[in-house]
Every structure is written in structure tokens, then in C-alpha cells.
Number of protein chains: 2
Amino acid sequence: MSICFLNNKFIDIQEAKISPLDRGFLFGDAIYEVIIAVNKKPFELDAHLTRLKKNISSLKYSLSDQVDLEEIILEVISRNKFLKQVIYVQISRGTDTVRDHIPSNDLTPTIFVSSHELKTEFSTSSGEKAILLEDFRWRKSQIKATSLLANVIYRSKAKHQEVFETILFENGFITEGAVSNVFCCIDNKIVTPPLTENILPGVTRKVILEIIQDTSLECEETKISVDSFLLAKEIWVTNSTKGIIPIIELDGKKIGSGLPGEKYLQISKAFINKLSG
Amino acid sequence: MSICFLNNKFIDIQEAKISPLDRGFLFGDAIYEVIIAVNKKPFELDAHLTRLKKNISSLKYSLSDQVDLEEIILEVISRNKFLKQVIYVQISRGTDTVRDHIPSNDLTPTIFVSSHELKTEFSTSSGEKAILLEDFRWRKSQIKATSLLANVIYRSKAKHQEVFETILFENGFITEGAVSNVFCCIDNKIVTPPLTENILPGVTRKVILEIIQDTSLECEETKISVDSFLLAKEIWVTNSTKGIIPIIELDGKKIGSGLPGEKYLQISKAFINKLSG
């Protein structure tokens, strides 16, 4: 049994029901966070909650100050048995009486928080493959919203081509992965696209940047042309449920030596330490 | 009471419930149609069903051949009391057991068909206002999918600025409205963006093009630069629930004489005739 939170109740997810007039269902008018808990302790909860609240505010959802999201999340973690959990938090604008793009005033947001087992081992990875595709998503990817059909299409393509991730580019420059941020090593420097490049401000991206700052490695948030990306010595993708993963083959071509790189090994080790600390 | 169809049952919409693990709710992984019925007869049902089936196929939803969407729609119309109805049809990819962008194989799609009263009068309009904004939607707008948060934002801006519609442009060329297709009259010719311009192949757009073909008016599907659009003598927007509406003011500036134009009056009359025929 898996316990979730929905409409002010903690219930078995099998019993959880929403109206089809919920704007999350009708319009993808909802935001979300994916948070991991290790030993039942949420990782970087503040960063996730800060981003969630920023999105609530930018989309003008009428979430009451009375709602304590942190308390709800901790309670969901506590009520589920796994030591390692993936906590999914989705807040939609609410349920309207008639479908209309323009929302009624002061709808009560729907809050859904679920948990399932996190199966990732967070050990050093032997590397994964990826493909590169043109980015056709909307130009507001900094908002972590559930209007995700583009990402579903990209993930399905990755599965179909038996690779780990689809990495995207727009106007000749790398943006991010379908469900990850991207780092690479060019001329001995670690680079990652800046937040101005239509990307999500990933929590794991932030953690990795903090880790790099504590090393002597050179790092820059800067635009990455596809041409220079293809010549990178290392490529990594990062997200909350997988951590940091080296990409050793892109579109069928080896990246660097075709093995996880030195810088990956150093940063990954520090990341795993941080996660278990 | 309003009767809808959900999960193989005709029920009061107040009783209708779906799982929050429905991919329509989690990912905007659903497609839809908005169909009007006049005197309880659906208008252009074949065109709507053809588009819906095309989208089902392009997104690889596993909808059984046994499902007769036309029969369901006709039954929903019949079970609701209004002579003029808005029929909303949404098909999501189905309900997964765990949230993952990559869908499980062979999910059973969720079919939701609802009805509410259509209040539009379909008489000659005295004209409406619009605003012009840069198009930040995804680049697959030909798919009528529910990942619609961008459109919600544009519609909310229109409401906030007390105008009827937000018209969009990309790279200096008009695409479409947030919930409409766009026509305009330039140099005595009616023009509308071609289907290659990241727009929805609107059913009302198709009907208007057919009507124009039966007149002596010149018409072309061609790219419209923002510069030429601003100098148009007439601008119209079209959609299923509103029909054809002249835009007489754009970003606070008069279009043409600031009154509905001659061509609009001619086409609108023919459209209303077709609707009641």
C-alpha cells in the first residue's frame, strides 16, 4: 500500500480521486516537484519548496498561507515504509465548474503528494548513452509545470532508441535534457548552460555547482554550442532521482575515451557523500 | 444536472472522478476536441473526429477499435437538455501505476466527454479587441493536446487587459490566437497563415476557407509578417465556440475603419447560414 496526500487527507493512492474538471487534467495547469528522501530524510527540501513557491506565485495560484507543504511532505514520507522514497508533489490551480482557459477567481488548489520506492543506488555509474534532438518545448521551461507532453515525446524517443536520455538544443545551443540538466567538460573547464537558456533551475544542478565550487576545478555557466558539445571530453546529466550520470555515447559516437571521465568520478564521489551525509 | 461520459459510464459530472495518476493530470498527456451542437446536432463532427483520430495515432495511444466515439458524443448530446451545447472530448493516454514520463505499454486511454450550454448567439459581431504577443508555446501546436499552460497564460493576459483574444507571432510572423485561428485582409486579399506555421488545423478555419472558395473573393494561405498584419484592413479570429469574430482594435490601435469590415460581414453571414442549415 502507498499512502498519498490529496484534498487534505492521507489515503491509499488506489482510493485517490480527482474531478476531470481539475485544471491539472484539462490544461496542464499545475506545477510539481520530485524530491528524494534517503533514510526517510528529504534531500534539499528547502530548495524544492523555494522553487515550488516561486512557481505558485508566478502563476498566481491562490494557495492559502495555512497550507504547510513541508509538514505534508514529511508526513507522507513518515507514513510510507521505504527508507529511500521518491516524493512527488503536484499542485494544480484547482477545479473549475466549466472548462475555460481563463480560470475562475480564487480556486482552491489541488494538492497531491505521493511516494514510491526510490530504487537508484547512487553509486559510480559506468556511463550511459544519449541522443541529441532539437528542442520544441515551450519557452518557459524555468516553470516546472505539468504541461509536459513534449518531454513525454522526448523520453519515449530515448526509450525507443534504447538510450538513457534525450539532450536538447535550440538555435544551435544546448538547453537541457528531457528530464535533466546538462554539464560538459570543454578545454579542461566544466560548463553548463546558464539559467537564461530556457532551462529548469535544477536542484541537483545547483548542488553540483556548489560541489564544484569547493574544488579547484574551473567551472562556468555559459552557452554551449552543439559543435563544441560534440567535442566535449566529458558530458554529464543531472536530476533529482538519478543524481549525476556520465554520458559516454551521444548519437552513437563516443564521448571522450568512451568511459566515465576523471572529473565525473571526482564530482560524483562528492555528490554521493553529500547525499548520505 | 450535466451528464458526462467517463470510464464507460454516463454519469452526473459531479460524480465523475479520475485517478491523480492519470497521465492527463500528471503530464498533460491527453488530446481533446471542442465541438458545438446546434439544435442538438453536432457541427462538423466528422472533421473533429478525423483530427482526434489523427492525434491518437500520432501520439500512439492504444484506443481500442471497439470504442465508438461518435456514438458516445451523440449520446452525451442526447442526455443533456440544452439545444445548443459545447461538447468537450478529452482522451488521455491512460492511468499509470507509478509516475514516469515513459508510459507503460498498452495503457487503456481515459475517455471523458462532457457537455455544457453553448451561449454564443452567432449573430453579426460589432467587433472585439485583441493584443499581440510573442509566441512561446511548444512547436507542435498542430497536435490538439492538453499541455495548455501557455494558452492559459495568454488567455489570462487577454482577460487582464480586457480584450477578447491574444494573437501570437513567432520570428516576425503571425501564428494564431491563443484559442483561435487568424485571418486578415491585405491588399484586398484574404490571407491566413498556412498549416506549416505551428498552428492548429482549426475546424472553423477549414469551414471559413470552404465558404470563401464559394465566393469571388481572393484568398491565400500564406505567411503574414507582423508589419503587414498591423496594416491589415480587416482581422478576424475563428474558433468552434465563437465562430468568426472581427478584431477592430489591436494593441489599442484601430484596424481598418475600426468597424467590422465588408468581407467579414459577407463571410459571417454565410457562416451563420451554414451553421443553422
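A salt bridge is here a side-chain nitrogen of Lys or Arg within 4 Å of a carboxyl oxygen of Asp or Glu. Under that criterion, Glu210(A) and Lys274(A) form a salt bridge, with their closest N and O atoms 3.5 Å apart. Glu210(A) belongs to helix α5 of chain A and Lys274(A) to helix α7 (residues 262–276) of chain A, so the pair ties together parts that are 64 residues apart in sequence.

The structure is a predicted model, in which local features need pLDDT of at least 70 and side-chain atom pairs count only at pLDDT 80 or more, whereas totals for chains, interfaces and linings use all residues. Residues are numbered from 1 along each chain as its sequence is written, chains are lettered from A and ligands numbered from 1 in the order in which they are written, and side-chain values use heavy atoms, with hydrogens and water left out.

**Overall form of chain A**

- Chain A has 7 helices and 15 strands; helices (H or I, at least four residues) and strands (E, at least two) are DSSP runs, numbered from the N terminus.
- The radius of gyration of chain A is 19 Å, close to the 19 Å that the globule rule gives for 277 residues, so chain A is as compact as a globular protein of that length. This radius is taken over C-alpha atoms, and the rule is 2.2 Å times the number of residues to the power 0.38.
- Along the principal axes, the C-alpha atoms of chain A fill a box of roughly 55 × 40 × 35 Å.
- Of the 277 residues in chain A, 58% are buried; buried means under 20% relative accessible area, exposed over 50%, and partly exposed in between (1.4 Å probe, protein chains only).

**Helix α5 of chain A**

- In helix α5 (residues 203–213) of chain A, 8 of the 11 residues are buried, so this helix is largely enclosed by the rest of the structure.
- The buried residues of α5(A) include Val203(A), Val207(A), Leu209(A) and Ile212(A).
- Ile208(A), also found in helix α5 of chain A, counts as buried at 0% relative accessibility.

- Over all chains, the structure holds 31 salt bridges.
- Glu75(A) forms a salt bridge with Arg79(A), the closest N and O atoms being 2.8 Å apart.
- Glu75(A) and Arg79(A) are 4 residues apart in helix α3 of chain A and are therefore separated by about one helical turn.
- An α-helix has 3.6 residues a turn, so residues three or four places apart point the same way.
- In chain B, the side chains of Arg139(B) and Glu170(B) meet in a salt bridge (3.9 Å, N to O).
- Arg139(B) is partly exposed at 25% relative accessibility, whereas Glu170(B) is buried at 14%.

**Positive phi angles in loops**

- Asp106(A), a residue other than glycine, has a positive phi near 55 degrees. Asp106(A) is found in the loop between β5 (85–92) and β6 (110–117) of chain A and is exposed, with a relative accessible area of 65%.
- Asn8(B) is not a glycine, yet has a positive phi of about 70 degrees. Asn8(B) is found in the loop between β1 (3–6) and β2 (9–12) of chain B and is exposed, with a relative accessible area of 68%.
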